[in-house]
Structures are given as structure tokens and as C-alpha cells.
Amino acid sequence: MARRGAREVTRTGGETDDARREQTEPKRSAPPKRGQVAWTRDDGRDEWAETPPKKRSARSPAPAAARAGRTPTKTKAKPTRTSAKPAAATTPSSTARALAALAGGRATLPPDVATEIRNAADMATQAHRERLVERAEAAFSGYERGRFQDALRAIKPVVEEVPTVAAVQEVAGLAAYHSGRWREATRHLTVFGKLSDSTTHLPELMDCQRALQKPKKVAELWTELRQSSPDPDVLAEGRIVAAASLAETGDLNGAISMLATAGASKMLRNPADRHLRQWYVLADLYERAGDIPRAREYFERVRRADPEAYDVTERLRSLGPQRRAGSKRPAKRVAP
């Protein structure tokens with residue numbers, strides 16, 4: 001399938017009167033739990049809860065019908081149709097979240113990670129340990145600037161010498177993922193998960209397995225993710241990858257059901273980025289299934305929430321003009 005480009009989401013205007021008014025209103029309670037269905041646990045109760053309006057970040061990640069919108073911090077987000085391989089770009093909020101997890105929100109190597117590297121290389125000389133720290137510093141900096149192959153080259157020697165440092169495995173895994181090296185990314189992120197007991201990067205692992213055309217492994221990882229009670233953003237990304245994997249096996253109805261039954265059909269006054277991503281993907285799936293009215297409906301939801309989100313304007317234009325209900329084409333005039 002051809003991939004469509006997307007623009008980064010940017011907002012410069014201030015908050016609307018409605019937004020300011022809603023901030024002063026009592027916080028709404030979460031919607032009542034839906035009845036369970038056969039394919040999933042009731043684990044997304046916070047995923048579609050109403051959230052207070054907030055100004056969107058210029059670094060908002062894009063959705064991907066294939067990949068759960070994990071976009072590099074300083075590169076353009078490219079939502080894609082469900083294709084054989086994911087876009088070589090990452091998350092939710094992902095890179096921002098990944099960097100926050102890796103570097104405490106800074107572009108430099110955290111002191112505790114540097115200390116852990118020195119301690120793990122206890123058999124090396126002091127000068128050699130400092131060289132490892134410098135390489136890790138270069139890798140963190142390269143990753144933050146979107147230079148993923150440079151980051152991968154810099155971190156590889158560090159991984160070889162101190163494989164038990166979770167943050168080092170994490171940088172290597174994410175850099176490999178962004179570089180399209182799916183097997184290498186899988187290896188490092190799997191080790192990171194074991195060392196840290198974290199499921200944060202299971203969506204990336206799922207996407208690597210999807211790119212390697214292993215739908216059963218994607219399903220196994222999706223089950224593991226749901227059972228871990230993850231952050232709503234992580235859960236949303238995993239669900240998008242799982243749905244994309246189903247679509248690639250030919251089960252478009254199953255992919256649509258996975259998103260719609262989990263709450264993606266719900267209307268929200270103040271949708272978060274994860275909601276826009278799921279609406280976008282659901283619209284893409286409806287279009288592929290031939291349900292153009294539904295596709296238009298969900299693309300319109302995205303456009304109303306953010307007119308500059310992704311390539312939603314282009315996608316709506318590609319669906320053609322909307323016919324009004326009850327309108328009839330004029331009868332052809334017959335020549336006398």
C-alpha cells in the first residue's frame with residue numbers, strides 16, 4: 001500500500017472560551033464500564049475517559065495504521081496505511097516519553113546511568129570506563145536529535161561491555177527500531193523488558209514482530225500488554241498495532257471491531273492525541289473496507305479536533321465530495 005505523508009501537528013492559538021470554562025467545571029467521572037467482550041479484558045477504562053482540554057504540543061506524534069504513532073522528536077510524523085512494514089519512526093508521546101524515561105527529560109546522560117555503566121564495567125580501567133560513558137552520552141544525544149543510526153553505532157560497544165544496564169539496552173533498542181532494524185530492536189527491547197520489568201516498549205516490540213510478519217507473536221505480546229494494566233497512551237498504541245496486524249492478515253472486520261468496541265467510536269469534547277490516532281486509524285480501516293461514510297465521519301472527527309493533524313485534510317479530499325441526503329442527480333436532457 002502506498003504511504004501518505006503527514007504534517008506535524010502545530011497549534012499557536014490560545015485556549016478558547018469553552019476550554020477556559022471547562023477548566024473551572026468539576027472534573028467528570030470516568031464513563032461506566034462496558035460489558036466485556038470475548039476478545040479483550042476490561043483494561044481500557046481510563047483510555048477513553050474525558051480529559052481537561054490542553055494545548056497540543058508541536059511535537060504531537062502521528063498515528064499510523066501500521067505503527068502506533070511513535071514519532072521521533074525532531075522528524076516529521078508520517079502516518080501510514082497498514083503496510084507490510086511500519087514507518088521507521090516512533091511513539092506516543094513516545095519519543096518524548098522514551099527520552100523522559102531514559103534521560104530524565106534531558107538530552108544528556110543521567111548521572112545515575114553513568115554511574116551504573118561505570119559500576120558494570122568494574123574490570124576495566126578508569127579511562128576505559130569513562131570512554132564508555134562518553135559513548136553512551138553521544139548515543140543519548142544522537143537519539144534526542146533524531147540521528148538514530150549514529151546513536152546505534154555509538155551505543156553498540158557499550159551494550160557489548162555492559163549488557164546488564166537497562167537504559168543502555170533501551171537506547172539501543174529504540175535506535176534500532178527507528179532505523180528499521182527490526183530483529184536487532186527486538187533483541188535489545190526484549191532484554192530491556194527483562195532487566196527493568198517494564199512493558200513501556202511492548203508496542204514497539206509488537207510492531208517489530210508485525211514488520212517481520214509474525215502475527216501470532218503480535219497477538220501474544222498484545223495479550224501481555226493488556227494484562228499489565230499499562231498507561232492509557234501505551235495501551236492505545238498497542239491496540240493500534242494489534243489492529244493493523246489483524247488487517248494485514250485480511251481480517252478488516254476484526255481490526256475495526258478491536259478499535260470500535262474498545263471505545264474508539266465514542267465522541268469526546270476534548271480528545272487527546274491517542275484518541276485522534278485511533279480515530280484516524282479507524283477511518284483508514286473503514287475506507288479500506290469500502291465504508292466511505294464511516295471513513296468520512298472519523299476523518300471529520302480528527303479534522304474538527306485539529307485541522308492540521310496528520311494528512312487528514314488530504315484524506316478527506318480523496319474521498320470525494322459528500323452527497324447530501326435526499327439529493328438527486330439532475331436528469332439528463334434528451335436531444336429532440
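**One residue and its surroundings**

Apart from neighbours within four places in sequence, Ile155 is in contact with Ala136, Ala139, Val168, Val171 and Ala172, where contact means heavy atoms within 4.5 Å. The model is a predicted one, in which local features need pLDDT of at least 70 and side-chain atom pairs count only at pLDDT 80 or more, while totals for chains, interfaces and linings use all residues. Residues are numbered from 1 along each chain as its sequence is written, and side-chain values use heavy atoms, with hydrogens and water left out.

Ile155 lies in helix H5 (residues 148–161); helices (H or I, at least four residues) and strands (E, at least two) are DSSP runs, numbered from the N terminus. Because its relative accessible area is 0%, Ile155 is buried. The classes are buried for under 20% relative accessible area, exposed for over 50%, and partly exposed in between (1.4 Å probe, protein chains only). Between the C-alpha atoms of Ile155 and Val168 there are 7.1 Å, although the two residues stand 13 apart along the chain.

**The chain as a whole**

The protein has 14 helices and 0 strands, and its pattern along the sequence is α-α-α-α-α-α-α-α-α-α-α-α-α-α. Of its 336 residues, 49% count as buried. Where contacts join residues at least 6 apart in sequence, 64% of them are between residues at least 24 apart.

**Aromatic pairs**

There are 5 aromatic pairs in the structure. Rings of Phe, Tyr and Trp (its six-membered ring) pair if their centres lie within 6.5 Å; planes under 30 degrees apart count as stacked, over 60 as edge-to-face and the rest as tilted. Tyr143 and Phe148 are both buried.

Another pair joins Tyr280 and Phe299; it is edge-to-face because the planes are at 75°, with the centres 5.5 Å apart. This pair links distant parts of the chain, since Tyr280 belongs to helix H12 (residues 273–288) and Phe299 to helix H13 (residues 292–305), 19 residues apart. Tyr280 is buried at a relative accessible area of 0%, and Phe299 is buried with a value of 0%. Together with Tyr310, Tyr280 and Phe299 form one aromatic cluster.

Trp182 is located in helix H7 (residues 182–196) and is buried, with a relative accessible area of 9%. Its C-alpha atom is separated by 5.0 Å from that of Cys208, 26 residues apart along the chain.

Most residues other than glycine have a negative phi. Asp197, which is not a glycine, has a positive phi of about 55°. Asp197 sits in the loop between H7 and H8 and counts as exposed at 72% relative accessibility. Gln213, also not a glycine, has a positive phi of about 60°. The loop between H8 and H9 holds Gln213, which is exposed, with a relative accessible area of 63%.

Helix H9 (residues 215–227) packs with helix H10 (residues 232–248) at an angle of about 155°, their axes being 10 Å apart. Axes are lines fitted to C-alpha atoms, for helices over the stretch in contact, and angles run from 0 to 180 degrees between N-to-C directions. H9 and H10 are therefore roughly antiparallel to each other: angles under 35 degrees count as roughly parallel, over 145 as roughly antiparallel, 65 to 115 as roughly perpendicular and the rest as oblique. Pro215, Val218, Trp222, Leu225 and Arg226 of H9 meet Val234, Leu235, Gly238, Arg239, Ala242 and Ser245 of H10.

**Confidence**

The average pLDDT of the protein is 75, and 64% of the residues score at least 70; pLDDT is the predictor's confidence in each residue, from 0 to 100. Among the elements, helix H8 (residues 202–211) has the highest mean pLDDT (97) and helix H2 (residues 93–103) the lowest (40). Over residues 1–43 the pLDDT is below 50, and this stretch has 84 contacts in the model beyond near neighbours in sequence. Residues 53–106 likewise stay under 50, with 217 contacts beyond four places in sequence. Where pLDDT is low, the predicted coordinates should not be read in detail.
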